[in-house]
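Subject: Handing over a model

Hi there,

Here is the structure I promised to pass on to you.

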Amino acid sequence: MDLAAAKMIGAGLACIAIGGAGIGIGDLWGKYLEGSLRNPGAASTQFTNLLLGFALVEATGLYALVIALIILFT
């Protein structure tokens, strides 16, 4: 197998995590909206947890992007 082809395959596999991060963010916001509609009084207390979870999931996607770029350009 050629080195360039192996780099493309590796970068593509690393980008799978970006899709997982998108699914995670959508699920996180959806569950927050569902919970806040069921109990509006608790929505303000859970917003900080929502932002923390969003940051952690987004960091996973950014790490995957960085890894893919490192594989492609080194």
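A word on the ground rules. This is a predicted model, so to speak of local features a pLDDT of at least 70 is needed and side-chain atom pairs count only at pLDDT 80 or more, while totals for chains, interfaces and linings use all residues. Residues are numbered from 1 along each chain as its sequence is written, and side-chain values use heavy atoms, with hydrogens and water left out.

**Helix packing**

Helices here are DSSP runs (H or I, at least four residues), numbered from the N terminus. Let me start with helix α1 (residues 3–14), which packs against α2 at an angle of about 15 degrees, the axes being 4 Å apart. Axes are lines fitted to C-alpha atoms, for helices over the stretch in contact, and angles run from 0 to 180 degrees between N-to-C directions. That makes α1 roughly parallel to α2 (angles under 35 degrees count as roughly parallel, over 145 as roughly antiparallel, 65 to 115 as roughly perpendicular and the rest as oblique). On the α1 side, Gly12, Leu13 and Ala14 meet Ile16, Ala17 and Ile18 of α2, where contact means heavy atoms within 4.5 Å. By class, this contact of α1 with α2 has five nonpolar residues, one polar and no charged ones. For the classes, Ala, Val, Leu, Ile, Met, Phe, Trp, Tyr, Cys and Pro count as nonpolar, Asp, Glu, Lys and Arg as charged, and the others, Gly among them, as polar.

Next come α2 and α3, whose axes lie 8 Å apart at an angle of about 175 degrees. That makes α2 roughly antiparallel to α3. Among the residues making the contact are Ala21, Gly24, Ile25, Leu28, Trp29 and Tyr32 of α2, and Phe47, Leu50, Gly53, Phe54 and Val57 of α3. The class count for the contact of α2 with α3 is 14 nonpolar, five polar and one charged.

The helices α1 and α3 also pack together, at an angle of about 180 degrees and with axes 8 Å apart. That makes α1 roughly antiparallel to α3. Here Lys7, Met8, Gly10, Ala11 and Ala14 of α1 meet Ala64, Ile67, Ala68, Ile71 and Leu72 of α3. The residues of the contact of α1 with α3 divide into eight nonpolar, one polar and one charged.

**Aromatic residues**

How many aromatic pairs does a search of the whole structure find? The search finds three. Rings of Phe, Tyr and Trp (its six-membered ring) pair if their centres lie within 6.5 Å; planes under 30 degrees apart count as stacked, over 60 as edge-to-face and the rest as tilted. One of the pairs is Trp29 with Phe54, edge-to-face at 6.2 Å centre to centre and 70 degrees between the planes. Trp29 lies in helix α2 (residues 16–38) and Phe54 in helix α3 (residues 43–73), so the pair ties together parts that are 25 residues apart in sequence. Trp29 is partly exposed at a relative accessible area of 31%, and Phe54 is partly exposed at 29%. For these terms, buried means under 20% relative accessible area, exposed over 50% and partly exposed in between (1.4 Å probe, protein chains only). Trp29, Tyr32, Phe47 and Phe54 form one aromatic cluster.

**The salt bridge**

The structure holds one salt bridge, defined as a side-chain nitrogen of Lys or Arg within 4 Å of a carboxyl oxygen of Asp or Glu. Its partners are Glu34 and Arg38, at 3.8 Å from N to O. Both residues lie in helix α2, four residues apart, about one turn of the helix. Glu34 is partly exposed at a relative accessible area of 38%, whereas Arg38 is exposed at 69%.

**A few single residues**

Ile16, in helix α2, is exposed at 56% relative accessibility. Phe73 belongs to helix α3 and is exposed at 65% relative accessibility. Phe73 and Lys7 are 66 residues apart in sequence and 8.8 Å apart in space, C-alpha to C-alpha. Ala42 sits in the loop between α2 and α3, where Ala42 is partly exposed at 25% relative accessibility.

Notes
Helices (H or I, at least four residues) and strands (E, at least two) are DSSP runs, numbered from the N terminus.
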